[in-house]
Amino acid sequence: MATTYGTPAAGSGYDRSKEVKEFDESKMGVKGLSDSGITSIPQFFIHPPETLGDLKTSSPPSTTIPVIDLSNFNSSTHRPKIIQQVKEAAKTWGFFQVINHRVPISVLDDTIAAIKAFHELPQGEKSKHYKREESRGVMYASNNDLYRTEAASWHDSLQVWLGPDPLEVEEIPEICRNEVVAWGVHATEVAEDVMELLSEGLGLEAGKFKELTFSKGKALVGHCYPYCPQPDLTVGITSHTDPGFITVLLQNHVPGLQVKHGDAWVDVKPLPGGLIINVGDFLQIVSNGDYSSVQHRVLANPYKEARISIVIFFNLSKWKGDGEYGPLPELLSPEKPRIYRDFTMGEFFENFYSKGIDSKSLIEKIKI
Ligand SMILES: O=C(O)CCC(=O)C(=O)O
Ligand SMILES: [Fe+2]
């Protein structure tokens, strides 16, 4: 008998890989499917019962991730308190929102509008950018991990590598080019401010993470979560942790992001002017487990208006070197022995590209 989700039993007559390939080659994306007026989603988007059952485990609406006000964070009166808040949030939630981060609201609005405009381009024009070349340049596709995952999710993405290699600006679709470049600059400033606070929170020099090039490698991903006619059968993005160092996330007013806290899934309500920061696996490892990389997901969008989010993943730049990475020696002592072994970048990439997005799989491998 055929199962009801993406990987049916043999003999069911359903050729999943053929359907996936046809969808990919149509270059229409999830947005194209949604706009076509379909009322039921293709089978390869349907998630297994374990995932779907878990969609209902939301926490009371009053719970929320910490909000940290960065006003005057450089003043000696405010800084110690802000460091304490960032440290606490990074340990217990792995997620927080920052407000008064010095980026004008108009820049946030323009960035969201530009990414939305890209996803709303006419099919014929947008599909010229559709390709799968994940590790460099610019790529627009539906589900970056489409061919590695068991069930597809209801989103399309435009990915732009902003560093460490110099950006080929002309490769970025013209409709969002200036905004993507500008957002890269602003988000990096916020990321570097937060990295200083995170670094000091561990008792290290403020500039330590920057010196280690942790903000140099960066990929911007502009997601679009269009209306989904069957939001109970799929997800916007599968539950996962971010593999990099930290992520800066900007979202429009359409909800959907959830963060795991204890056993519950907590809604991250869009906060006007707020920017979300989260700890990635790399930072959990470097901090020897002091900071937590936490699972998150996006629900399939039940609203007619698309949800737009723009993430920038920050990570170190020395990808190509064969050096080893692991907990920072400064943080280790006989009382606090290392809990992770060192790993190479080869191992990091091998792990990332061998499967769909998932949770902490590298961390699990290197745990001592
Ligand atoms: O769209 C979002 O809010 C989250 C996206 C995300 O988690 C990711 O791209 O890693
Ligand atoms: Fe993520």
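I began with Gln43, which I found in the loop between helix 2 (29-35) and helix 3 (49-54). The model I am reading is a predicted one, and I keep that in mind for each entry below. I count Gln43 as buried, because 20 C-beta neighbours lie inside 10 Å and the cut-off for buried is 20 or more. I also looked up Gln43 against Phe352, which is 309 residues apart from it along the chain, and noted a separation of 25 Å between the two C-alpha atoms.

Next I went through the backbone of other loops. Arg102 sits in the loop between strand 2 (95-99) and helix 5 (105-119), and its phi is near 80°, a positive value in a residue other than glycine. I list Arg102 as exposed, because 12 other C-beta atoms are within 10 Å. Asn288, in the loop between helix 9 (281-286) and strand 11, likewise has a positive phi, near 55°. With 19 C-beta neighbours inside 10 Å, I put Asn288 down as partly exposed. In the loop between strand 4 (156-163) and helix 7 I came to Pro164, which is joined to Gly163 by a cis peptide bond with omega about 10°.

How do helix 4 and helix 7 lie relative to each other? I read an angle of about 85° between helix 4 (residues 79-92) and helix 7 (residues 177-201), with the axes 8 Å apart, and the two helices are therefore roughly perpendicular to each other. From helix 4 the contact takes Ile82, Ile83, Val86, Lys87 and Ala90, and from helix 7 it takes Val194, Leu197, Leu198, Glu200 and Gly201. I sorted these contact residues into seven nonpolar, one polar and two charged.

I then turned to the largest nonpolar core, which has 88 residues, and wrote down Val86, Val194, Leu198 and Leu220 as being among those with the most contacts inside it. Helix 7 gives the most to this core, with eight residues. Leaving aside residues up to four places away in sequence, I found Leu220 touching Val160, Leu162, Val180, Trp183, Gly184, Ile310 and Ile312.

My last entry is on ligand 1, whose surrounding residues include His223, Asp242, Gln251, His296 and Ser309, as well as Val221 and Leu257. Which strands each supply at least two residues of this shell? I noted strand 5 (217-225), strand 7 (246-251), strand 11 (296-299) and strand 12 (307-315). By class, the shell around ligand 1 divides into six nonpolar residues, four polar and one charged.

How values were computed:
Residues are numbered from 1 along each chain as its sequence is written. Chains are lettered from A and ligands numbered from 1 in the order in which they are written. This is a predicted model: local features need pLDDT of at least 70, side-chain atom pairs count only at pLDDT 80 or more; totals for chains, interfaces and linings use all residues. Axes are lines fitted to C-alpha atoms, for helices over the stretch in contact, and angles run from 0 to 180 degrees between N-to-C directions. Helices (H or I, at least four residues) and strands (E, at least two) are DSSP runs, numbered from the N terminus. Angles under 35 degrees count as roughly parallel, over 145 as roughly antiparallel, 65 to 115 as roughly perpendicular and the rest as oblique. Two residues are in contact if their C-beta atoms, placed from the backbone, lie within 7 Å. Ala, Val, Leu, Ile, Met, Phe, Trp, Tyr, Cys and Pro count as nonpolar, Asp, Glu, Lys and Arg as charged, and the others, Gly among them, as polar. A residue is near a molecule or strand if its C-beta atom, placed from the backbone, lies within 6 Å of it. A nonpolar core is a set of buried Ala, Val, Leu, Ile, Met, Phe, Trp, Tyr and Cys residues joined through C-beta atoms within 7 Å.
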